[in-house]
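This briefing concerns the structure shown below. Please read it alongside the sequence.

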Amino acid sequence: MNLENALKAIRIACNLADWFSIEQHVDYDFDLSLGILFTEGRIVFYNGNILEFAESITPDRVRYRYHYMNADGDLIFRYDNVPHYPEFTTFPHHKHLQNTVVESDQVNLRVVVEEVIEGLIVEKA
């Protein structure tokens, strides 16, 4: 994975979220020469819901966690690729919902932010 493109994708996702959020904090640590990127952040949306995320990209793997919760800390959903649920055809990618875990394709921050924004728009309608 091209790290410069990954950084741009994170910035684009944060710019999208900016229209619907009241607070954002993102930390980056990267070394382009080694092909390593670590990112973690928190986005608080105007309704109080929170998206916490972490991405780790190294030459041999990509790890991610996108945890979306309400203001009380109750899970709405979480995407991650922790290698459990080997029976899933999308292993190791999956999505945690409030009472279940389902298969999921690999996602990135932009996809998750777009899902959150879509939910916010539906919520307002």
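Leaving aside neighbours within four places in sequence, Ser 104 is in contact (heavy atoms within 4.5 Å) with Tyr 79, Thr 90, His 93, His 94 and Lys 95. The model is a predicted one, in which local features need pLDDT of at least 70, side-chain atom pairs count only at pLDDT 80 or more, and totals for chains, interfaces and linings use all residues. Residues are numbered from 1 along each chain as its sequence is written, and side-chain values use heavy atoms, with hydrogens and water left out.

- Ser 104 is placed in the loop that runs between β7 (101–103) and α2.
- Ser 104 has a relative accessible area of 8%, and it therefore counts as buried (under 20% relative accessible area; exposed is over 50% and partly exposed in between, with a 1.4 Å probe and protein chains only).
- Between the C-alpha atoms of Ser 104 and Val 26 the separation is 25 Å, and the two residues are 78 residues apart along the chain.

**Fold and dimensions**
- The protein contains two helices and seven strands, where helices (H or I, at least four residues) and strands (E, at least two) are DSSP runs numbered from the N terminus.
- Their order along the sequence is α-β-β-β-β-β-β-β-α.
- Along the principal axes, the C-alpha atoms fill a box of roughly 45 × 35 × 20 Å.
- Of the contacts with a separation of 6 or more, 30% are between residues 24 or more positions apart.

**Nonpolar core**
- The largest nonpolar core has 25 residues; such a core is a set of buried Ala, Val, Leu, Ile, Met, Phe, Trp, Tyr and Cys residues joined through side-chain atoms within 4.5 Å.
- At least two residues of this core come from each of α1 (3–18), β2 (36–45), β3 (50–58), β4 (61–69), β5 (75–80) and α2 (109–124).
- The most is given by α1, with seven residues.
- Phe 45, Leu 51, Tyr 66, Leu 109, Val 112 and Val 113 have the most contacts inside the core.
- Not counting residues up to four places away in sequence, Val 112 touches Leu 51, Tyr 66, Phe 77, Tyr 79 and Val 107.

**Burial**
- Buried residues account for 38% of the 125 residues.
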